[in-house]
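Hi,

Here is the model I promised to hand over to you. Have a look at it first, and my notes follow below.

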Amino acid sequence: MKKNSVTTVVAVGIGAALFFVVGRFVAIPSPVPNTNISLQYAVLALLALLYGPVAGGLVGFIGHTLIDLSWGGSPWWSWIIASAFVGVAMGLLSKSIKLSEGQFGKKEMITFVIANVVAHLIAWAGIAPVLDIVIYSEPIEKLFSQGAMAAVANILTSVIVGGLLAAAYAKTIAKKGSLDKE
């Protein structure tokens, strides 16, 4: 898939809309207050693999901002930045996992899982709580329990649902040399 600027802009628009709809209307409450089990990170992982780190970062940033605005409050910038980070991190994989060429075998799946674990741990156990302290002066105890819940939930949904989406997408792509001449 050739990634030109028009394709990327369209992917960001559609991706941010999907991130918003899934995050806003398919959110599953968790036992930790103000923290949901969020399936939109599976969508983010797929789109970031297909369109790269800039698109991934923008999808996470715009989509999360729209979710926060839809709840009627102010955007929670610390978590928005964490979502953008996850999109960028997963988008960096697009250089080694050529999903748009149908590449998603065992090696790519292992790389995908490891990258998801690392990106979500950094985002939700590091970036989000630290920025909550710096920006909002939130109490530390609450932040790290929310961050831990978000990290675990987002790792599981991204790895399981995102992995299934990526594998299914890869199977729809005809491999080079797979067509026989009649």
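**An aromatic cluster**

Let me begin with Trp124, which has a relative accessibility of 0% and therefore counts as buried. For this label the relative accessible area must be under 20%, while exposed means over 50% and partly exposed is what lies in between, all with a 1.4 Å probe and protein chains only.

Please keep in mind that this is a predicted model, in which local features need pLDDT of at least 70 and side-chain atom pairs count only at pLDDT 80 or more, while totals for chains, interfaces and linings use all residues. Residues are numbered from 1 along each chain as its sequence is written, and side-chain values use heavy atoms, with hydrogens and water left out.

Back to the rings: there are seven aromatic pairs in the structure. One of them joins Phe19 and Tyr41 edge-to-face, with 5.3 Å from centre to centre and 90° between the planes. Because Phe19 sits in helix α1 (residues 5–25) and Tyr41 in helix α2, this pair ties together parts that are 22 residues apart in sequence. Phe19 is buried at 0% relative accessibility, and Tyr41 is buried too, at 2%. Tyr41 also pairs with Trp124: the ring centres are 5.7 Å apart and the planes are at 70°, so this pair is edge-to-face. Here the link is between distant parts of the chain, from Tyr41 in helix α2 to Trp124 in helix α4, 83 residues apart. Together, Phe19, Tyr41, Trp79 and Trp124 make up one aromatic cluster.

As for the terms, rings of Phe, Tyr and Trp (its six-membered ring) pair if their centres lie within 6.5 Å, and planes under 30 degrees apart are called stacked, over 60 edge-to-face and the rest tilted. Helices (H or I, at least four residues) and strands (E, at least two) are DSSP runs, numbered from the N terminus.

There is also a charge over a ring: Arg24 lies over the face of Trp71, 3.6 Å from the ring centre. The rule for this asks for NZ of Lys or CZ of Arg within 6 Å of the ring centre and within 35 degrees of the ring normal.

**The largest pocket**

How much space lies in the largest pocket? The figure is about 630 Å³. Its lining has 24 residues, and Asn34, Thr35, His64, Asp68 and Trp79 are the closest to the centre. Helices α2 (40–70), α4 (106–136) and α5 (140–171) each supply at least two lining residues. By class, the lining has nine nonpolar, 11 polar and four charged residues; here Ala, Val, Leu, Ile, Met, Phe, Trp, Tyr, Cys and Pro count as nonpolar, Asp, Glu, Lys and Arg as charged, and the others, Gly among them, as polar.

A pocket is an open set of points on a 1 Å grid over the protein atoms alone where a 1.4 Å probe fits, with protein on both sides within 12 Å along at least five of seven lines, and lining residues have an atom within 4 Å of a point. Grid points are joined across faces, edges and corners, and the volume is the space filled by probe spheres set on the points.

**Loops and a helix contact**

Most residues other than glycine have a negative phi. Asn34, however, has a positive phi of about 60°; it is placed in the loop between β1 (28–29) and β2 and is exposed, at 71%. Ser137 has a positive phi as well, near 50°. Ser137 belongs to the loop between α4 and α5 and is exposed at 62%.

Beyond its neighbours within four places in sequence, Ser38 is in contact (heavy atoms within 4.5 Å) with Asn154 and Thr157.

Finally, Ala125 belongs to helix α4 and Phe144 to helix α5. Ala125 is partly exposed at 36%, as is Phe144 at 35%. With residues up to four places away left out, Phe144 touches Ala125, Pro129 and Ile133, and the contacts of Ala125 beyond that range are His120, Phe144 and Gly147.

Best wishes
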